[in-house]
Amino acid sequence: MENKNILNTEDTNCIKQLCCENPDIVLKTEFGTGHYRFVDFKDHNGGLVLEFKLIEDSQYKDTPNIHKHIGEMCLLTVGQFIYVHNRLAFA
């Protein structure tokens, strides 16, 4: 049995609204900390993921290193996004 993200349209709309209201997140990676911006929803291996793009931000000096080793795109599952968003809400 496959483990898929099962979200209804209302769930997806709520998450999209969160992304539109606050499209920027900061992620710590193994290559440093980077500033990312929401791009769109994607279907990845049968599950819904959120696509974020690394953006150039002079406050984050690790951006070139992240870009070189990981690239500019980042995919987060809905659970990962909720975790990141929740941490932002309490920062």
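This is a predicted model: local features need pLDDT of at least 70, side-chain atom pairs count only at pLDDT 80 or more; totals for chains, interfaces and linings use all residues.
Let's start with the core. In soluble globular proteins, nonpolar side chains tend to be buried together. Here the largest nonpolar core holds 17 residues, and those with the most contacts inside it are Ile15, Ile25, Leu27, Tyr36, Leu50 and Phe52. At least two core residues come from each of helix H1 (9–21), strands S1 (24–29), S2 (32–44), S3 (47–54) and S4 (73–77), and helix H3 (78–90). Strand S3 gives the largest share, four residues.

Setting aside neighbours within four places in sequence, its contacts include Ile25, Leu27, Phe52, Leu54, Ile66 and Cys74.

Now to the rings. There are three aromatic pairs, and two of them are set out here.

| Pair | Centre to centre | Angle between planes | Geometry |
|---|---|---|---|
| Phe38 and Phe52 | 5.7 Å | 70 degrees | edge-to-face |
| Phe52 and Phe81 | 6.1 Å | 25 degrees | stacked |

Phe38 sits in strand S2 and Phe52 in strand S3, so their pair ties together parts that are 14 residues apart in sequence. Phe52 also pairs with Phe81 of helix H3, so this second pair ties together parts that are 29 residues apart in sequence. Phe38 and Phe52 are both buried, and Phe81 is buried as well.

Methods. Residues are numbered from 1 along each chain as its sequence is written. Side-chain values use heavy atoms; hydrogens and water are left out. A nonpolar core is a set of buried Ala, Val, Leu, Ile, Met, Phe, Trp, Tyr and Cys residues joined through side-chain atoms within 4.5 Å. Buried means under 20% relative accessible area, exposed over 50%, partly exposed in between (1.4 Å probe, protein chains only). Contact means heavy atoms within 4.5 Å. Rings of Phe, Tyr and Trp (its six-membered ring) pair if their centres lie within 6.5 Å; planes under 30 degrees apart count as stacked, over 60 as edge-to-face and the rest as tilted.
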